[in-house]
Structures are given as C-alpha cells and as structure tokens.
Amino acid sequence: MSLRRVKSFGQDRLDNWRNMLISEDNLKALRALIQEPNVKGKVRLIYIDPPFATNQEFKHGGLRTSTVSYSPEDEMAYNDRLVGAEYIEFLRERIVLLREILSDDGSIYVHIDWKMGHYVKVLMDEIFGQERFVNDITRIKCNPKNFERKGYGNIKDIVLFYSKTNQYVWNEPREEMTEEDIRRLFPKVDEKGRRYTTTPLHAPGETKNGPTGKLWKGLKPPKGRHWRYPPDELDRLNAQCLIEWSSTGNPRKKIYADEVLAKGKKRQDIWEFKDPPYPTYPTEKNLEMLEMLIEASSNPDDLVLDCFAGSGTTLVAAEATRRRWIGIDDSKVAIEVCQKRLNSVSNISAFDLYLLKEEKEKSLVESISEKNYRYHKKPRKAKSLG
Ligand SMILES: C[S@@+](CC[C@H](N)C(=O)[O-])C[C@H]1O[C@@H](n2cnc3c(N)ncnc32)[C@H](O)[C@@H]1O
C-alpha cells in the first residue's frame with residue numbers, strides 16, 4: 001500500500017478496523033485506496049463538499065474563521081481558484097474513482113452551491129447515470145440576507161443524491177412534527193379531545209372483479225376508483241369507529257395525530273440545517289445534517305468516506321453514528337482541525353493519520369477506475385464554461 005501511517009489515535013475497535021485520516025491530494029489518495037481490497041467496492045456512503053469554484057481563498061484565523069472577515073496574518077485553509085471546465089474536470093476525475101470505491105448498494109451525496117450545482121448535476125448524470133439520480137436537495141444554509149443586490153437573496157445550496165444501483169441502503173429518515181404541523185395536518189378534534197384528519201377510502205383505478213370493486217354498505221366506489229380495503233376490512237374499521245360518515249353519506253378514514261406523532265413525518269427534499277455561526281474551519285457544514293444523512297444511507301459499522309473532509313464534520317458524524325470512516329484533505333490546516341475535533345470526541349475509535357508514500361502513479365489503476373465510465377475521454381484542454 002502506498003499510504004504511510006504516521007500517527008495513531010483512539011481506542012481499538014472489536015473488529016480491528018482502524019479509521020483513516022489521509023493528508024494528501026484526494027486524487028492520489030483515492031488511487032491508493034482503490035487498490036485496497038477492504039476499501040474498493042466496500043464504501044457504503046460518500047459525502048463530498050468540494051470547493052465550489054468561487055475563485056476565493058479561505059482563511060483560518062484562530063478564533064475567527066470566515067471568508068469575508070480575515071486579516072493578512074490568518075493562515076490559508078485552502079484556496080478555491082479552479083473555475084470553469086478545469087473545475088468540472090477536477091471533479092470528474094475524482095467522482096469516477098469515487099464510483100468505483102462505492103459498494104453496489106452504496107450512495108453518494110455531493111454538496112454544491114447554486115452557481116455550480118447544475119453543471120455538477122450533468123456530470124453526475126454522466127458518471128452515475130440519470131436513472132441513479134435520487135434527489136436534488138435544497139439546503140437552507142443561513143438566515144435571510146438583506147445585502148444590496150439586484151436579485152433575490154441566496155439562502156440555499158444544493159445536495160445531489162445518487163445511488164450506485166437501484167438496490168441501495170435506505171433507512172427512511174423521519175422528522176419530528178411541530179405543534180403547528182399537528183394543528184395544520186390534523187384539524188379535527190373528536191369527542192375525547194383527540195386530534196385527527198380524514199382521508200378518502202377509495203383510490204384511483206377501477207377493480208373489475210376483485211372485492212375492492214364491490215358494493216359496501218350499499219355504496220359503489222366512485223366511477224374510475226376502487227375501495228382501498230376489501231369489504232371485511234372496511235367493516236372492521238367501521239366497527240372500531242375509524243370511519244367518519246359525512247352528512248351526505250360519504251365515508252372517510254380517520255387518522256389520529258397521536259398515532260402518527262411517534263413515527264414523525266417523512267423528510268422532504270428541502271432541509272433546513274444552517275451552518276455553525278462560529279465554525280472551527282471555513283465552510284464547515286452542519287453536523288446534524290451529516291448525522292441525519294449518514295443514518296439514512298448507511299448502517300452501523302458501514303464505511304463512510306469524505307475526500308474533501310475540511311474540519312471533519314462527516315468523520316465526527318460517522319463516529320457519532322457508529323460508522324467506520326475515511327477522511328481525506330490536502331490542507332494542513334484542515335487535517336489539524338480534523339485531528340483536534342476527532343480527539344475531542346470521547347472514546348473515539350482508533351484512527352490513523354496517513355501520508356502518501358511518493359510513488360509513481362500507476363496507469364493500471366487509472367484504466368480500472370475508468371472502465372465503467374461511459375464518456376471517459378478527457379477534454380484535451382480545459383475551456384471556460386462561460
Ligand atoms: C468546502 S471544504 C469542506 C468542508 C467540510 N465539509 C466541513 O464541514 O468542514 C472543501 C475542502 O476540500 C479540500 N480540498 C480541496 N481540493 C482538494 C484536493 N484536491 N484534495 C484533498 N482535499 C481537497 C480543501 O482543503 C477543503 O478543506
């Protein structure tokens with residue numbers, strides 16, 4: 001293996017796996033990892049939050065970490081100077097390798113901003129296939145802005161979610177219902193004071209011969225529709241007072257808030273996870289968002305990878321949700337912040353800091369990694385997108 005272990009931290013895991021923090025350019029690191037049989041095709045979840053082609057420098061200044069307010073003596077965390085087609089090509093090379101590293105039932109989330117998001121969507125469609133596109137998530141990242149600008153305020157960025165195949169790990173994430181949700185979704189109150197709503201007992205499509213097309217209590221389902229339940233189930237619901245009859249004799253099923261409450265509501269594709277107001281690193285993302293998506297798209301002990309690790313939010317979230325992890329970043333500041341953050345987690349599982357051994361890049365690795373990629377001819381020369 002062309003990775004050199006330089007430091008070790010944390011407590012050994014029962015399975016002897018050691019998490020990995022790699023201080024290196026991620027293209028080189030991914031090429032090394034792809035040769036590892038316990039990594040290639042074994043990563044269940046990838047989250048990346050690459051630079052967004054902002055043509056800016058991101059500084060890190062001890063107590064104050066910001067893109068807008070830094071002083072000349074602040075340390076450079078990373079620069080984001082690649083733009084246009086060169087930027088897309090930079091991502092393309094890495095995402096092709098990431099697809100190889102992903103397990104067949106794995107998923108990838110790419111965090112990107114509103115300016116580059118549409119180009120990256122096309123790139124992801126090319127590499128993963130349009131049919132593997134699962135969601136384009138709008139992430140509300142900050143409070144409304146009142147900057148002088150001839151245009152609407154920007155409070156969102158984008159998270160593109162793709163799976164490698166159609167058999168991917170999915171643990172339905174649910175959201176807690178708020179008081180307001182309950183009042184809005186369950187507007188009725190029964191004689192015992194329980195909040196409820198009603199839903200139709202019939203659904204689109206006529207049943208020609210089956211029981212759900214039959215008369216029930218002298219009623220046929222409306223034209224073009226069928227009963228949601230066979231007559232004996234409708235009888236059971238009615239006997240349990242779970243059917244409400246309107247004044248015109250239309251039956252509807254009662255759904256009680258207290259029964260749905262424990263389950264929570266299905267999470268939608270607009271997320272509000274604002275970034276920390278006092279980050280330890282510029283562009284540090286919201287830890288709860290990472291925990292939520294890791295739990296949705298992987299299982300305990302699965303391997304999670306972030307090759308633009310920054311301050312290690314993904315790694316800390318993976319640790320908190322009992323996943324194994326690999327983090328890569330080529331910024332010394334990022335690696336230092338990562339180590340500090342990880343070591344402040346109590347009982348952190350064993351992890352090693354790696355540097356890459358200087359080795360000639362293997363053309364063989366490149367050819368393997370490109371084999372599933374449909375448009376694998378690289379443009380000869382990067383052109384500007386604009
Ligand atoms: C937007 S930040 C990630 C922030 C991270 N999600 C967090 O919560 O702290 C992007 C990171 O990508 C790293 N990066 C950029 N190009 C890289 C490359 N070629 N190899 C490895 N890391 C890279 C930068 O150093 C930076 O830390």
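This is a predicted model: local features need pLDDT of at least 70, side-chain atom pairs count only at pLDDT 80 or more; totals for chains, interfaces and linings use all residues.

Tutor: Residues are numbered from 1 along each chain as its sequence is written.

Student: How many residues of the protein chain count as buried?

Tutor: A residue is buried if 20 or more other C-beta atoms, placed from the backbone, lie within 10 Å of its own. Here 32% of the 386 residues of the protein chain are buried.

Student: Is helix α1 mostly covered or mostly uncovered?

Tutor: Helices are DSSP runs of H or I, at least four residues, numbered from the N terminus. Helix α1 (residues 26–33) is mostly covered, with six of its eight residues buried. Among them are Leu30 and Arg31.

Student: Which residues touch the most other members of the largest nonpolar core?

Tutor: A nonpolar core is a set of buried Ala, Val, Leu, Ile, Met, Phe, Trp, Tyr and Cys residues joined through C-beta atoms within 7 Å. In the largest, which has 70 residues, they are Ile46, Met124, Leu160 and Ala334. Helix α2 (residues 84–101) gives the most to this core, eight residues.

Student: Which residues are closest to the ligand?

Tutor: A residue is near a molecule if its C-beta atom, placed from the backbone, lies within 6 Å of it. The ligand is surrounded by 19 residues, the closest being Tyr78, Phe308, Gly310, Thr313 and Ser331.

Notes. A residue is buried if 20 or more other C-beta atoms lie within 10 Å of its own, exposed if 12 or fewer, and partly exposed in between; C-beta atoms are placed from the backbone. Helices (H or I, at least four residues) and strands (E, at least two) are DSSP runs, numbered from the N terminus.
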